[in-house]
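Hi,

Here is the structure I promised to pass on. Have a look at it first, and then read my notes below.

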Amino acid sequence: MNRIHFLNQLATSECPYNFGAGVPPLDQYPAFDPGYFYRVFLEEFPNKPVLHYHQSEGCLGEISQRVFQKDGFSEAKGGIITNGVQESITVAALLFKNACVACTDPYYPGFVDAVKMTGNKPFFIDGEHWLESLESLNPGSLFYLSADFANPTGKRLSLSEREQLVEIARRWDFYIFDDATYRPFFLDTPLPSLVSLAPERVFHALSFSKLLSPGLRIAMTHVPDKFLAAFTALKANISLNSSGFTQAIVGGWLLQNGLSLSAHLKEFKGTMMRKKQFLQNQGIEFEGGFFAIMEIKGRILDFEWCSKLLEMEGVAVCPMNLFSDTSSFNHKIRIAVAKTSVKNLEEGFMKMHKFVL
Ligand SMILES: Cc1ncc(COP(=O)(O)O)c(C=O)c1O
């Protein structure tokens, strides 16, 4: 079974303790009526060509600018609309197909597979000393990461790491793609985005898949001025436009929600705080987002181990080595904690402990 097949299967699995799939818990968000938000948008922007082909940038330029500004990126201009962050990643991979393209290990497979698809070979940065290792990048390279709650590690960069990263990027003249898919899922206060620190160096891709619905296939990307024309042309070559229908739905939803990406997540985050407390009691770090890492020393936690755990205890998890080409993460698993209830998380952990013993 390949990686995509395995992850797709987990996404739709009905197993009682599904900590494998990083799917958003839509049932825990406020009710979402797409038709209503579509009409809200058209009342505000009656002349937007949502039923037609339209400019490749999309129909949400003005709204995306205000969304980025509200998130602390004061110099924001309008973003480019894509079919999810995945299309934005693909466009960036094509844009840099003749350059060095790097990411940390373990990696987000959607990025690495897109880079390989362009005929390029991703360069893996050592996870532990990643900031120092970036100094080996050639000028004009692209470094992909998620500054906020990465998939699969769940890690968030500290303020000091953010400042050092943009300083190193300026000094060594490389660019950054910040995949901000999980940025709205902070549990304390948000840290400044990389793009707000260096708009001329950072692609900032914001997805509506996790915070609203993956079925919309809408994301907004801030693209540095230097790459704007080329990025837009590639987007047009891949898919012409993103759907005007779903852009209008996202636009109407944003207008109704005061352009906030996280105000509607208040109740959900209350539950996540309880999960955070439970995870911390288990000795597992968790700051926000959807993922945490669990390590069991002395055990090889591979596909086979995870399949047995699923078969015997009904607990689904992902082996961390699914997200690496090395065997460095053989003792770790990725636990997706957003969708499960607190009770199921506690029960699932008891079952895992029993299985390990
Ligand atoms: C880090 C990361 N980036 C991008 C995506 C895909 O986002 P989208 O649905 O916006 O294409 C995912 C989905 O799991 C993800 O985890």
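Strand S9 gives the largest share of the lining of the second largest pocket, five residues. S9 covers 291-295, and helix H13 (342-356) also supplies at least two lining residues; helices (H or I, at least four residues) and strands (E, at least two) are DSSP runs, numbered from the N terminus. A pocket here is an open set of points on a 1 Å grid over the protein atoms alone, where a 1.4 Å probe fits, with protein on both sides within 12 Å along at least five of seven lines; lining residues have an atom within 4 Å of a point.

Keep in mind that this is a predicted model: local features need pLDDT of at least 70, side-chain atom pairs count only at pLDDT 80 or more, and totals for chains, interfaces and linings use all residues. Residues are numbered from 1 along each chain as its sequence is written, and side-chain values use heavy atoms, without hydrogens and water.

Back to the pocket: 19 residues line it, and Lys155, Ile284, Glu285, Ala292 and Ile293 are the closest to its centre. Where does it sit? The second largest pocket lies between domain 1 (3-22 + 290-356) and domain 2 (35-256), because both give residues to its lining; the bounds come from an automatic or database domain assignment.

Now the ligand. Two polar contacts (pairs of N or O atoms within 3.5 Å) to look up:

- A backbone N or O atom of Val85 is 2.7 Å from a ligand oxygen.
- A polar side-chain atom of Lys210 is 2.9 Å from a ligand oxygen.

Cheers

Definitions and conventions: A polar contact is a pair of N or O atoms within 3.5 Å; within protein, one must be able to donate a hydrogen and the other to accept it, and residues adjacent in sequence count only if both atoms are side-chain atoms.
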